[in-house]
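Welcome, and please open the model in your viewer. Keep the selection tool at hand, and we will go from stop to stop together.

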Amino acid sequence: MIDLRSDTVTAPSRAMRTAMAEAAVGDDVFGEDPTVLELQAETARLVGKAAGLYVPSGTMSNQLAIKSHTDPADEMICEAGAHIMNYESGGPAFHSQVQLHPLQGNLGVFTAEQVEEAIRPRNVHQPPTRLIAIENTHNRAGGTIFPLEEIHRIHDVAERHGVQLHLDGARLLNAVVATGIPAHEWAEPFDSVSICLSKGLGAPVGSVLCGSETFIERAHRYRKLFGGGMRQAGIIAAGGLYALRHHVDDLRWDHERARRLAQTLNRLPGIEVNADDVHTNIVIFDVDDQKGSGAEIEERLKRAGLLCLAFARHKIRLVTHRDLTDTDIDQAIQIFQKVLA
Ligand SMILES: Cc1ncc(COP(=O)(O)O)c(C=O)c1O
């Protein structure tokens, strides 16, 4: 079965498993796990921040950031398709009691002008705007890259209004590899940055939240409160360290394969995808109504040996990842040609 549902399906390689088995460990709730400390420091260095915090998931990382930046009844601006808003189970309302103010982006990208308009005046009737979240790359928009210039313009607006900036960089390293812009440059305008190790990087578990010492101290307290304190977590952190050290450059193969899939799909009748919008490892294509619903097509592809995700009534998502081979991509193309043509 060719699994194009998500880059989270990747399994640790033999070499990664060896690194995990041999990891030095300690009780991380006592702050004594050397591998966790190493991963936190290495990730913080990578994104140019003072400190990092290892957490079980990207969701917890984002939610800790929101909790640490805001007070109840504050407002947070994000893009309408943001993971934080659509796929984190209502976390901002539950954990932080903040209200979300979604902006309609173009391929996940909103502008400084939209932010300027959305930031509320200080007025007793209105919730204070405290935080803006940017997702880069943007999952639901198809792995698209948020232009750095626009991030700087948004940062200027945020700074002028005293609003904090959080980066949901679950797939930031995909943007790094696709553009050649280093992670610390992408992260520089942000007060906090979340990086996932368990997506295209291929580690089995975990994300690292990075920011200032004071911010990470707050997030650390909330991690314990949320039940995210882990003991000999070096076993899993070692997988993350291995991924950061050995797997980042490989992301370019995922990007190349995603583009190849998009170009092929675009030639099929009744399928629409703009290959130029495929910036990294996610392909979202539209299917003509006559071909059936997204869910029906997902089922037909599954019967032919290919797993994908119906994203909306007529949208299908494919994600390339390091556990696929060129032969898998060739076979996927044959399946698409057979099932969708
Ligand atoms: C952009 C983005 N942020 C956050 C997450 C959450 O990560 P996790 O599944 O580890 O909670 C995901 C998961 O796919 C994601 O795509």
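The tour begins at a sheet, moves into its strands, and then visits some helices.

This is a predicted model, in which local features need pLDDT of at least 70, side-chain atom pairs count only at pLDDT 80 or more, and totals for chains, interfaces and linings use all residues. Residues are numbered from 1 along each chain as its sequence is written.

**Stop 1: the sheet**

Switch to cartoon view and select the strands. You will find 7 of them in an open sheet with mixed pairing, in the order β2-β8-β7-β6-β5-β3-β4. Helices (H or I, at least four residues) and strands (E, at least two) are DSSP runs, numbered from the N terminus. Two strands count as paired if DSSP finds at least two bridges between them. At the edges sit β2 (51-55) and β4 (99-103), each pairing on one side only. On average, neighbouring strands are turned by 20° against each other, direction ignored. Angles here run from 0 to 180 degrees between N-to-C directions, and axes are lines fitted to C-alpha atoms, for helices over the stretch in contact.

**Stop 2: strand β6**

Now select residues 164-169. Is this strand enclosed or open to the outside? In β6, 6 of the 6 residues are buried, so the strand is largely enclosed by the rest of the structure. Buried means 20 or more other C-beta atoms within 10 Å of the residue's own, exposed means 12 or fewer, and partly exposed lies in between; C-beta atoms are placed from the backbone.

Strand β5 (residues 129-135) pairs with β6 in the parallel sense over 5 bridges, and L131 stands opposite Q164. To follow the chain from β5 to β6, trace it through helix α7 (residues 148-161); this β-α-β crossover is right-handed. That term means that, with the strands pointing away from the viewer, the path from the first strand over the helix to the second runs clockwise. Strand β7 (residues 192-196) also pairs with β6 in the parallel sense, over 4 bridges. Look for H166 opposite S192 and G169 opposite I195.

**Stop 3: S194**

Stay in β7 and select S194. This residue is buried, with 31 other C-beta atoms within 10 Å. Contact means C-beta atoms, placed from the backbone, within 7 Å. The C-alpha atoms of S194 and S207 are separated by 6.8 Å, though the two are 13 residues apart along the chain.

**Stop 4: α10 and α3**

Select helix α10 (residues 213-225) and helix α3 (residues 58-69), which pack at about 115° with their axes 9 Å apart. L64, A65, K67 and S68 of α3 meet F215, R218, A219, Y222 and R223 of α10. With the sheet shown again, α10 lies across β2, β7 and β8 (207-211), at about 20° to β2.

**Stop 5: α2 and α11**

Finish with helix α2 (residues 34-46) and helix α11 (residues 234-246), packed at about 35° with axes 8 Å apart. Residues in this contact include P34, V36 and L39 of α2 and A237, L241 and L244 of α11.

Conventions. Two residues are in contact if their C-beta atoms, placed from the backbone, lie within 7 Å.
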